[in-house]
Amino acid sequence: VEPLGDTPIYDPDGVALDATGAISGVAGTVLVAAIASPAGGVGTIWAIRPTGTIEALFSGPGWNPQEMVFDSTGRLLITEFGTRRVLATSGGPPQELFSTPAGTAVIAVDAADRIYTCGDDGIVRIYSSSGQEIDPSYAEFPERAYIDVGRGAGFGAALYALSSSDGRIYRVASDG
């Protein structure tokens, strides 16, 4: 284990590898969602370059980026802490794609670019890549669960959830 980057990043919440450089412009860049300083109020997506240098990619007042995930096209999807918004960027400033009905959402994307969210209410919802709701109650947990989609091998392509209420990991059946 060793530090990555030439300076610490304050209050990091999410991390994603920009393997191709689709968002950062440099393949192998690590993206970090955070608040810019202890004074707060300015949300930032930082780029930690393979060389170790760090720079702000996107920054703005009143914004607190949280979870980040790439879809198959290289588009970066971002949730905001304390809001219901899911934003998207293909390189420019992130724009709202859709809002969830239940508070801060965690996010996952499957191979077909369907977007899964789980909000504070514990309900997993599915959206199309354009942000249209496909299933408003795909699966349900007692409270927010942390979710991801299997990438093959022994895990297949199922949705997995870490329940914050009981600390267990669940594989969600294809019918929810």
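A salt bridge is taken here as a side-chain nitrogen of Lys or Arg within 4 Å of a carboxyl oxygen of Asp or Glu. By this criterion, E80, R85 and E96 are linked in a network of salt bridges in the predicted model. Across the whole structure, 7 salt bridges are found.

R85 counts as partly exposed because its relative accessibility is 30%, and partly exposed covers the range between under 20% (buried) and over 50% (exposed). E96 falls in the partly exposed class as well, its relative accessibility being 43%.

Other salt bridges include the one between D71 and R75, whose side chains meet with an N to O distance of 2.9 Å. Both D71 and R75 are buried. The side chains of R125 and D121 also form a salt bridge, with 2.9 Å from N to O. R125 has a relative accessible area of 7% and is therefore buried, whereas D121, at 27% relative accessibility, counts as partly exposed. In general, side chains of opposite charge can pair when their charged atoms come close.

The chain contains 0 helices and 15 strands. Its radius of gyration is 16 Å, in agreement with the value near 16 Å that a compact globule of 176 residues would have. The C-alpha trace spans about 45 × 35 × 35 Å along the principal axes of the chain. Of the 176 residues, 48% are buried.

Two of the sheets are described here. Strands of a sheet pair through backbone hydrogen bonds, in either a parallel or an antiparallel arrangement. Strand β9 pairs with strand β10 (residues 115–118) in the antiparallel sense over 4 bridges. Within this pairing, I107 has T117 in β10 as its bridge partner.

Another open sheet has 3 strands, ordered β13-β14-β15, and its pairing is antiparallel. Strands β13 (145–149) and β15 stand at the edges with a single partner strand each, so one side of each is left without a neighbour in the sheet. From one strand to the next, the twist averages 25°. Strand β14 (residues 159–163) runs antiparallel to β15 and is joined to β15 by 4 bridges. L159 has V172 in β15 as its bridge partner.

Strand β15 (residues 169–172) also includes I169. I169 counts as exposed because its relative accessibility is 63%, and the exposed class begins over 50%. Together with Y146 and L162, I169 makes a nonpolar surface patch of about 300 Å².

Technical notes. Residues are numbered from 1 along each chain as its sequence is written. This is a predicted model: local features need pLDDT of at least 70, side-chain atom pairs count only at pLDDT 80 or more; totals for chains, interfaces and linings use all residues. Side-chain values use heavy atoms; hydrogens and water are left out. Patches are made of residues with over 30% relative accessible area and no salt bridge: like charges are joined within 9 Å, nonpolar side chains (Val, Leu, Ile, Met, Phe, Trp, Tyr) within 5 Å. Accessible areas come from the Shrake-Rupley method with a 1.4 Å probe; for residues, only the protein chains shown count as cover. Helices (H or I, at least four residues) and strands (E, at least two) are DSSP runs, numbered from the N terminus. Buried means under 20% relative accessible area, exposed over 50%, partly exposed in between (1.4 Å probe, protein chains only). Two strands pair if DSSP finds at least two bridges between them. Axes are lines fitted to C-alpha atoms, for helices over the stretch in contact, and angles run from 0 to 180 degrees between N-to-C directions. The radius of gyration is taken over C-alpha atoms; the globule rule is 2.2 Å times the number of residues to the power 0.38.
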